[in-house]
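These are my notebook entries on one structure. I set down what I looked up, entry by entry.

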Amino acid sequence: MSLILDNLPALLIAVPLLGAFLIPIIGRFLPKIRDAWIILVSFLSSMAAVLTAFTVYTKGTLVYVFGAAAGSGAAPIDSGGIPFRIIFTIDGFGAFMLLSAAIVSFAVVLYLVASQKERSGKSEFYALYLLLTAGIFGMVSTGDLFNFFVFLEINTLSGAALVSYHRKGGIAVEGALKYLIVNTVGGLMVLFSVGLLYAQYNSLNMAYIASQMTLTTLNIVALVLFITALAMKAGAVPFHFATPDAYSVAPSGITALMVVASQAGLYGLFRILFTVYGGVINTVTVGWVIIVIGILSMVIGVTMALPQKDIKRLLAYHAVSQTGYMLLGVGVAFAVLGDPAATAAFGQTAMEGGLFHIINHALYKGLLFLAVGAVIYRTGVWSLNKLGGLGHNMKWTMVFFLIGALAIAGIPPFNGFASKLMIYESVFAFNPALSIIAMVVSILTLASFMKVFHSVFMGPKLPEFENVKEVPKLMIAGMVILTIFVIGFGLMPDLVVDSIVTPAANALLNQGSYITAVLGGFL
Amino acid sequence: MIANLPFIAIALLIGIAFAIILLKKNMIKMVMGLGILESAVNLFLITIGYREDGIAPIFTNAPEGVNMVLPTVQALTLTNIVIGVAGTALMISMIMVIYKKYGTINSDKMRRLKE
């Protein structure tokens, strides 16, 4: 038992990877137990993530060194203090992202097992799914820049393959190809900046680079490339063009996980900004850059969403819009990072609001994509103009969709309200105009979702949907898991913020604690 | 000057790669552009690890007082080559599917998603 607990960070990657590579073999010889296997593996990897997060919240930052005796540190004694070992560094923020990925990935597996039952090529599909999970877990737990790039590429490749999985006359492949090309360029930008940093500091360790960081021209070039590439991954304006294309054609359960995958890019962005560059960069300028990207994402995302007829494309544009809230909250916190009084007054709250919105968005947007996927699963129709009157036959799906829609629009008592309120309050103290834009976007979001809800579920029964039934129980189970968290986080926001969000915000705001945790006594 | 030649080559390659990716309409050529971009990054990694008159970084029986090239960046390059192969293979197979379904690989004519 202690062997498992000591090696939790390694299990985060090992369980999904081994599970993924065994699936084709199991699918070949024992196809009957394949569904049970994928649920088991996904449950175990989610448990590993939850246990890791729990360990971090109770015992502080976890530094796991691969290939060395426990507790021997990132730098071998005879290396002169340069940490070249491969490490995982999981602090409060990493643990927070692990929790969000673990919940969504397990809920989606239950949903997929039922919704993919009639499809072919399931073994490879689930193998790719577990690889995507491993990629997300790796991105949010690694303490090494090159490892981050490798997990980013695993994330991109498996994500693109999953998006293209069910080719509806080629359009799924078209969306996947755009997503893949954009993110491959982004990945190479990340690698180029990793090279720029390595050339100066001879190390790939984030904490070591952060401790040595000075503001050279090369570092500014590297920062610009990092921001561009990771904003591409996160799907923020002006790099959002591939996001709606990919989300709208991917299988619905996959889209729910792709939201988390894009948030791993957001994790990388915040980690680079706060931890690696936090001490030296001009935080006001860069903070405003992040704020402007956030505001543009919010406004352009929601205005593009309003006229959409394709129900999944509409949701995808809302995903872009919601990413803007996170960037706005965290951008405000970064802009006032150099001013302790302002940070205490509203920067900390802005940060917590932005981060809380990450997990909330993963939950309610996942729920919305699953509910819409349930509609498409039974009707096979995407267009809002053709859907209608489904509330009579799909009562559960209607309830789940309504809960997700109210949460995304920021209506109490759901979780979206809790984080949006924190963002409004703190951003208002920083700059009232930004807060007003955020509220207007929220109202437009509500309007858009009322339109969708009305045109899909309300109205008289349509003759072509006379025989539509409720979706299978496992799909409902997946949605129930997410709904429990959406309502639970909305009813007890203080408890959630105190126990998981504040440690995450503190981990980013205190750059020194991250460096000390990794380098320990060496510097 | 002569020591900076690799960096000039890298800058040129990156410029060519971005020009191809942004200007060409043929999807296969875009994938080629990505390949050139990847090679430029690989060349960059190898170059920053190079030391004048350096030998392979093997410590067993190494002569005294000789520079060694940095091994880490070479490991990074190898990893990136493997990742690049996977990415290129996936992209090319996707383009094959698109050609079968659409009858074209011109990126301007791939507009079914927008309809």
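**Entry 1**

I began with helix 13 of chain A, residues 311-335, which has 25 residues and spans 36 Å from its first C-alpha to its last, close to the 36 Å expected at 1.5 Å a residue. The expected span is 1.5 Å times one less than the number of residues. Helices are DSSP runs of H or I with at least four residues, numbered from the N terminus. The model is predicted: local features need pLDDT of at least 70 and side-chain atom pairs pLDDT 80 or more, while totals for chains, interfaces and linings use all residues. Residues are numbered from 1 along each chain as its sequence is written, chains are lettered from A and ligands numbered from 1 in the order written, and side-chain values use heavy atoms, with hydrogens and water left out.

I then looked up the burial of helix 13 of chain A and found 25 of its 25 residues buried. Here buried means under 20% relative accessible area, exposed means over 50%, and partly exposed lies in between (1.4 Å probe, protein chains only). At the N-terminal end of helix 13 I noted A:Asp310 as a cap, with a side-chain oxygen 2.9 Å from the backbone nitrogen of A:Lys312.

**Entry 2. Salt bridges**

How many salt bridges does the structure hold over all chains? I recorded 5, a salt bridge being a side-chain nitrogen of Lys or Arg within 4 Å of a carboxyl oxygen of Asp or Glu. Side chains of opposite charge can pair when their charged atoms come close.

One of them joins A:Glu174 and A:Lys178, with the closest N and O atoms 3.6 Å apart. Both residues lie in helix 7 (residues 171-201) of chain A, 4 residues apart, about one turn of the helix. I list A:Glu174 as buried because its relative accessibility is 0%, and A:Lys178 as partly exposed because its value is 24%.

I next recorded a salt bridge between the side chains of A:Asp245 and A:Arg313, at 3.1 Å from N to O. A:Asp245 lies in helix 10 (residues 242-249) and A:Arg313 in helix 13 of chain A, so this pair ties together parts that are 68 residues apart in sequence. A:Asp245 is buried at 2%, and A:Arg313 is buried at 8%. I also noted that A:Glu174, A:Lys178, A:Asp245 and A:Arg313 are linked in a network of salt bridges.

B:Asp108 lies in the segment after helix 3 (71-102) and B:Lys25 in the loop between helix 1 (5-23) and helix 2 (27-48) of chain B, so the pair ties together parts 83 residues apart in sequence. Both are partly exposed, B:Asp108 at 43% and B:Lys25 at 38%.

**Entry 3. Chain A against chain B**

I found 36 residues of chain A in contact with 36 residues of chain B, contact meaning heavy atoms within 4.5 Å. The area buried between the two chains is about 3,000 Å², and carbon and sulfur atoms give 82% of it. This is the accessible area (1.4 Å probe) that two parts lose on being put together, summed over both. I counted 0 salt bridges between chain A and chain B.

**Entry 4. A:His357**

I located A:His357 in helix 14 (residues 340-379) of chain A. Is A:His357 buried or exposed? It is buried, with a relative accessible area of 0%. Its side chain makes polar contacts with the side chains of A:Gln322 (3.0 Å) and A:Ser419 (2.8 Å). A polar contact is a pair of N or O atoms within 3.5 Å; within protein, one must be able to donate a hydrogen and the other to accept it, and residues adjacent in sequence count only if both atoms are side-chain atoms.

**Entry 5. Backbone geometry**

Most residues other than glycine have a negative phi, and most peptide bonds are trans. I noted a cis peptide bond joining A:Val237 and A:Pro238, with omega about 5°. A:Pro238 is in the loop between helix 9 (217-234) and helix 10 of chain A. The bond from A:Pro412 to A:Pro413 is also cis, with omega near 5°.

I recorded a positive phi of about 55° at A:Asn202, which is not a glycine.

Technical notes: Helix = DSSP H or I, 4+ residues; strand = E, 2+ residues; numbered from the N terminus.
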